[in-house]
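Please consider the following note alongside the structure. It is intended for a reader who is new to this kind of description.

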Amino acid sequence: MLRRPRRLRVNKAIRNLVRETKLNVEDLIYPLFIVEGENIKSEISSLPDVYHFSVDMLEDEIKEIRELGIEHVLLFGIPHEHGKDICGSESYNYNGIIQRAIRKIKEIEPNMNVITDVCMCEYTSHGHCGILTEDGYVDNDKTLEYLGNIAVSHAKAGADMIAPSDMMDGRIKSIREALDKAGFVHIPIMSYSVKYASTFYGPFREAANSAPAFGDRKTYQMDPANTNEALVEAELDVLEGADILMVKPALSYLDVIRRVKDNYNLPLAAYNVSGEYAMLKSAVKNGILSEDAIYESVMSIKRAGADIIITYFAKDLAKIIKDNK
Ligand code: PBG
């Protein structure tokens, strides 16, 4: 037989040689949840093996992450319940939870690339991602001013990259201008460009205590049925100055990742979100699937076209990748 594809599968070395997609620890970003208080390291019930940390407990975790070869963390701050108000003022407070966490991580490990989620839902009393009008609609342009302030406060605290996840129109331009005006021209923006109104954020909202108190996020996050709209969102972000684009969630949106990748030349990130993690992690923990399912699943995100993967599996993967070598 002239063509026998099995010849290139005959042993591990040959398979490694012809592997088309390689998952590297350099591709991974690990999300971290920081809470108020002291001496807290507590497992998040909706996200097995993922923890809430108080700022004073970050040292061991950051060192472990760094030793595993992971160079990027994405921070989410969870303020006290009584610290929340209608305009999310803790989100841009110099002494806010996220600002203190950034300073602490840069002190522990100056080489750790600290990326911050810019959004208001963890900080507003109503749990929406912006400022509300009287009838409960999120006021786009008013929210933009706040987002700029939040981004600048993160940069001032030492953040290396800003990741806006709110889905307001025009936020990339507005945040870029705010950062530039404050002297942070060199700080890149990784935009949650294509963010769907997804049920798969459920475990995160429990972890971050950020579920909307009424209604849903469908007036600002995208309809899961749309992919042309994904290109509209991506294009706007390119024009407004985003440095990295993102598709979120990842696993139910692999087609969208591929479409965005084929149409734009900026680096593309995908967010392997909390619901995707929780499902697979429980299957592995309960012995329903072997741990290899983690690698295969995250590999599919890379193969679909993502250059960068934000995943709660980053630590597991770093170990799996090292063992495979
Ligand atoms: C904040 C934000 C959310 C996630 C990341 N940033 C929640 C949401 O939009 O409701 C979800 C991440 C995950 O599910 O892992 N807006």
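1. Basis of the note. The model is predicted: local features need pLDDT of at least 70 and side-chain atom pairs count only at pLDDT 80 or more, whereas totals for chains, interfaces and linings use all residues. Residues are numbered from 1 along each chain as its sequence is written, and side-chain values use heavy atoms, with hydrogens and water left out.

2. Aromatic pairs. A pair of aromatic rings is described by the distance of the centres and the angle of the planes. Rings of Phe, Tyr and Trp (its six-membered ring) pair if their centres lie within 6.5 Å; planes under 30 degrees apart count as stacked, over 60 as edge-to-face and the rest as tilted. The structure holds 11 aromatic pairs.

3. F33 and Y312. How do the rings of F33 and Y312 lie to each other? Their centres are 6.2 Å apart and their planes are at 5 degrees, so the pair is stacked. Because F33 lies in strand β1 (residues 28–35) and Y312 in the loop between β10 (308–311) and α11 (314–324), the pair ties together parts that are 279 residues apart in sequence. Helices (H or I, at least four residues) and strands (E, at least two) are DSSP runs, numbered from the N terminus. Both F33 and Y312 are buried, where buried means under 20% relative accessible area, exposed over 50%, and partly exposed in between (1.4 Å probe, protein chains only).

4. Y92 and Y146. These two residues form a tilted aromatic pair, with 6.0 Å from centre to centre and 55 degrees between the planes. Y92 is in the loop between β4 (72–78) and α3 (97–108), and Y146 is in helix α4 (residues 140–157), so that the pair links distant parts of the chain, 54 residues apart. Y92 counts as partly exposed because its relative accessibility is 27%.

5. Cluster and charges. One aromatic cluster is formed by F33, F76, Y192, F204, Y271, Y277, Y312 and F313. The charged end of K248 sits over the ring of Y271, 4.9 Å from its centre. R103 lies over the face of Y94, at 4.1 Å from the ring centre. A charge sits over a ring if NZ of Lys or CZ of Arg is within 6 Å of the ring centre and within 35 degrees of the ring normal.

6. Cavities. On a 1 Å grid over the protein atoms alone, a cavity is a set of points where a 1.4 Å probe fits but cannot get out; lining residues have an atom within 4 Å of a point. A search of the whole structure finds 2 cavities of 30 Å³ or more. The largest cavity has a volume of about 110 Å³. Of its 15 lining residues, the closest to its centre are C121, S165, K195, F204 and K248. The second largest cavity has a volume of about 40 Å³. Its lining includes Y30, D49 and K315, and β3 gives the largest share, 4 residues.

7. S297. Is S297 buried or exposed? At 15% relative accessibility, S297 counts as buried. S297 is placed in helix α10 (residues 292–304). Leaving aside neighbours within four places in sequence, S297 is in contact (heavy atoms within 4.5 Å) with L251 and L280.

Notes:
On a 1 Å grid over the protein atoms alone, a cavity is a set of points where a 1.4 Å probe fits but cannot get out, and a pocket is an open set with protein on both sides within 12 Å along at least five of seven lines; lining residues have an atom within 4 Å of a point. Grid points are joined across faces, edges and corners, and a volume is the space filled by probe spheres set on the points.
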